[in-house]
Amino acid sequence: MPHGMSMPPAPPLAPALAAMAGLQAVVSIALFAPGVLAPALGIDAAMLGLFPAAVFAVGMATVVWGGTLVGRFGSFGVARLAMLAVAGSMGLAALAAEHGAVPFLLAGVLLAFAFGPETPASSALLGRLATPAQRPLVFSIRQTGNQFGALVGSLVLPLLAITIDPRFGYLAIAGVAVAAALLFSMMAGRYDHLTHDAGGRRVRLFEALGIVRRDPQMLRLALAAGPYSAMQMVLNTYFVTFAVETLGIPYVIAGLVMAAAQAGGLIGRVGWGLAGLRLFAPGRIVAWLGFGMAAASTALALAGEALPVPALGVLLFLFGLTASGWNGVFLAEVARLAPPARVAEATGAILVPSFLGLVLAPGLVTLTVLVGGGLAAAYLVLALLTAIAGLSLLRNPR
């Protein structure tokens, strides 16, 4: 740089944070749409499990390569590709009601190419723009996109299903994804130079996992991510079916109760981030959230049928506050513990066991249904696993 010239100012954090939250919101509503629309389309729990299983199984591979993709294309370049994958996925999902399991499975595979890389892309960019002190709150705000998308889906998709056509919900999401891809293309020039070096070298799986394995606290976070993610997945994917088939709640009312869980997650992601910023160590918060989601899951499984709808809504709010509220403060803790230049790689690596939990969760649900325990038994098993995970995180948080 010639003498006398100063470095250009860093681009502002707020637009990038809003865009990355929006990216997650669109991916989120696409991920949760099949679970919300399943009763209207006559899709049972066994077939429903194909979609998330495909998303998370393929997502385990795509998340590891997220750092490499970010380094090559930039965070907004990856975001643009993710939105195109969402649009294609929703188009395939709309075909599933008439053409069976194959398009449903392919829709899940395609969505994995959005679901996997979007978190490393966001972490790499926001990790560069936010100060260490800001990260718990910034990462938590970014993660509210997940809950915002799920909240909108819980409220809007059932109404579209009964007033127009269930498949129209899928097509509406595809349209939003295309519009978002155009927006991200316009933002790329201002931000993507920050992350072109965030993971440009080829990432090897065992090398990336070594970042996590060598740090005992990061390893405990990785092991906890599996049951935490499985609990979140079973809450968000199966609750509407559980409410309609087991609790006997009307379809639209079940969607409203599910919206209470998403509102809890939305508040939790910001609230836990603020708590990690001002009150408690983020690692300790992540640990106690395991106990909270275990308690809520147990209450739903054992007492859900006896609760009136308002009380069930309160329980689901608390369930969402914990089981859907942990991600932001969790990722902030990963960013704090990771080597500064390897946040995207560490995020991708620590999400591998998270995805493994997501992959195994549909199998757990199918197994409990087949042996006669139903969805209630799945909630109880996951309550035990998340409580154990929370206990392990209480060891020497730093």
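Student: At roughly what angle do the axes of helix α12 and helix α13 cross?

Tutor: Two packed helices are described by the angle between their axes and the distance between the axes. Here, helix α12 (residues 282–303) and helix α13 (residues 309–323) have axes that cross at roughly 150° and come within 8 Å. Axes are lines fitted to C-alpha atoms over the stretch in contact, with angles from 0 to 180 degrees between N-to-C directions. Helices are DSSP runs (H or I, at least four residues) numbered from the N terminus. This is a predicted model, in which local features need pLDDT of at least 70, side-chain atom pairs count only at pLDDT 80 or more, and totals for chains, interfaces and linings use all residues. Residues are numbered from 1 along each chain as its sequence is written, and side-chain values use heavy atoms, leaving out hydrogens and water.

Student: How are α12 and α13 oriented to each other?

Tutor: The two helices are therefore roughly antiparallel (an angle over 145 degrees).

Student: Which residues of α12 and α13 meet?

Tutor: Contact means heavy atoms within 4.5 Å. From α12, L289, G292, M293, A296, S297, A299 and L300 meet L312, L315, L316, F319, T322 and A323 of α13. By class, this contact has 10 nonpolar, three polar and no charged residues.

Student: Is S354 buried or exposed?

Tutor: S354, found in helix α15 (residues 343–370), has a relative accessible area of 4% and is therefore buried (under 20%; exposed is over 50%, with a 1.4 Å probe and protein chains only). Leaving aside residues up to four places away in sequence, S354 touches A225, G226 and S229.

Student: What share of the residues in the protein chain is buried?

Tutor: Of the 398 residues, 59% are buried. The protein chain has 16 helices and zero strands.

Key:
Angles under 35 degrees count as roughly parallel, over 145 as roughly antiparallel, 65 to 115 as roughly perpendicular and the rest as oblique. Ala, Val, Leu, Ile, Met, Phe, Trp, Tyr, Cys and Pro count as nonpolar, Asp, Glu, Lys and Arg as charged, and the others, Gly among them, as polar.
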